[in-house]
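Hi,

Here is the model I promised to pass on. My notes follow below it.

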Amino acid sequence: MTEMFTTMGSTLASFMFVWAIIRQYCPYELRRFFEKYTQKITGYFYPYIRVSFHEFAGDRLKRSDAYSAVEAYLSANSSKSAKKLKAEMGRDSRKLVLSMDEYERVTDDFRGVKVWWLLSKSVSAARQNSYYPEQEKRFYKLTFHKKHRDIITEKYLEHVVSEGKEIRVRNRQRKLYTNSPGFKWPSYKQTMWSHIVFEHPASFETLAMDPEKKVEIIEDLMTFCKSKDYYAKIGKAWKRGYLLYGPPGTGKSTMIAAMANLLNYDIYDLELTAVKDNTELRKLLIETTSKSIIVIEDIDCSLDLTGQRKKKSEKSSDDENDKLSKEIAKKEAKEEIGSKVTLSGLLNFIDGLWSACGGERLIVFTTNYVEKLDPALIRRGRMDKHIELSYCTFEAFKVLAKNYLSLEMHPMFDTIQTLIGETKITPADVAENLMPKSSLDDAEKCLSSLIQALEEAKEEAAKEEAAKKEEAAKKEAAKKEEAAKKEKEAKEEAAKKEKEEATKEEAAQEEAAEKEYAARKKAGIKENGQTKADAFQSQVDKETENVL
Ligand SMILES: Nc1ncnc2c1ncn2[C@@H]1O[C@H](COP(=O)(O)OP(=O)(O)OP(=O)(O)O)[C@@H](O)[C@H]1O
Ligand SMILES: [Mg+2]
């Protein structure tokens, strides 16, 4: 026996050696030729057909649906026969779901035909000097006899995929995904999203808001999730945008959780500030699955409106003489290159060509300041439904009282109704006051605490109002004073002008008088001169006469 093993070992070693020599020295074409014909000859004697289902096929951007369906199908069908299993938490964390582990082989029977499934993986070595880790490519391999080719390829595979999909929906753990900012080197099998199990208890029933509005939103959501054919008919991607806006603590985030629970959707909480650029945003979008809600919270804070920045840099580049402004423009341009997601990138994300992939998706934006948002971002078609969540009304209070204190009616409700109508209080504040703080707190105590809070809020509001009025009055007075000052200045200016005019006129008159005087004087001299000359002439004439 030992001898036999020794011989076998040395034969194997010799074979490996020869094969290594062939691989090294045999030209590639010859080797291909050799391999091809070896496969053909083996195929002739080997009567089985193998089908592989790779986890990441094609462009490797997304996990293959076929692989997921097979995985789900086998998790339900293999757990009885496989010996090596892996366990994952199932829906609502109530039950463990078992599925076959790596390198495990199971048998399945379909209409009397026996098939074999194997979960395997191939590991490609890490590239030298590369940051990329070793890459594992997992795949399922189905083996069956070639005489059953038709039944397996036509019927069995269809059965596996449809049952697998059903099982997936049944076992689906709803997840809350987020894009991790520290993630730099995505290998093909890693996704851009990290997730935890989504277990938020919020529902529309516990959401405090106007009942009519609530019903309207629920109907809108239910209609959306049943409208696959309708969207296909009108030629629109199966997605819908919701804009939730209102002051902090009015239930925007709670409503998103309620929507996910109502529709049984996953949530993708997109942190825009952690997205490097538009390309990364697109990748994130591709990796989201259908039946999901993509959420961007506080959209006004997370988006840099680059349109405005461009305007600034254009303005400064206009001024060519100013060196400093040119430098600022350059700096801004650099920032632009290194900047993150742009408005146009986000618009494309919402309703560009890529947004149609996957289908059955809600995109929800929340903001505290709707007026700050670019109109292009929230126009209908992008954000189809705008929902305002505002301060607590009496109807909303009643829902909270029922949730927190199991109260439908109470004598103190009347006071609360009056006070709630007169003041602004968020549902979050109401909820906080209604929550018992110790085991001794009863409903009455909680309601009194709320009444006190409402009164304080009312007082605070009155004070604020008074302060505002005072401020406004001060402003008005300052305005009036300013106007009076201006009027006075204007009057003084006018008087000054008038005086100046008068002085000018006087000067002009004086000048004219002087001119006239000068002219007269000149004329007088002339006249005098003439008289003297004439007198002199007459005297000369007289003397001449006397001489004669
Ligand atoms: N309409 C509501 N119905 C029930 N509970 C509410 C409602 N609004 C607020 N709450 C309670 O207040 C808390 C805060 O609410 P939430 O986080 O939904 O507010 P928000 O509008 O998202 O605030 P922000 O703008 O600051 O993000 C929640 O945990 C919830 O318990
Ligand atoms: Mg919130």
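Which residues of helix α8 (residues 278–286) are buried? They are L281, L284 and L285, where buried means that 20 or more other C-beta atoms, placed from the backbone, lie within 10 Å of the residue's own. Looking down the axis of α8, these buried residues sit within an arc of 100 degrees, so they line one face of the helix; the arc is taken from the directions from the helix axis to the C-beta atoms. The cover over them includes β7 (175–179) and α12 (343–351), counting contacts as C-beta atoms within 7 Å.

A word on the source: this is a predicted model, where local features need pLDDT of at least 70, side-chain atom pairs count only at pLDDT 80 or more, and totals for chains, interfaces and linings use all residues. Residues are numbered from 1 along each chain as its sequence is written, while chains are lettered from A and ligands numbered from 1 in the order in which they are written.

The protein chain has 17 helices and 13 strands, taken as DSSP runs (H or I, at least four residues; E, at least two) numbered from the N terminus. Of its 548 residues, 19% are buried.

Then there's an open sheet of seven strands, ordered β8-β7-β10-β11-β12-β9-β13 with mixed pairing; strands pair if DSSP finds at least two bridges between them. Its edge strands, β8 (193–197) and β13 (385–388), each pair on one side only. Inside the sheet, β9 (residues 239–245) runs parallel to β12 (residues 361–367) over seven bridges, and K239 has R361 as its bridge partner in β12.

Cheers

How values were computed: Buried ≥ 20, exposed ≤ 12 C-beta atoms within 10 Å, placed from the backbone. Contact = placed C-beta atoms within 7 Å.
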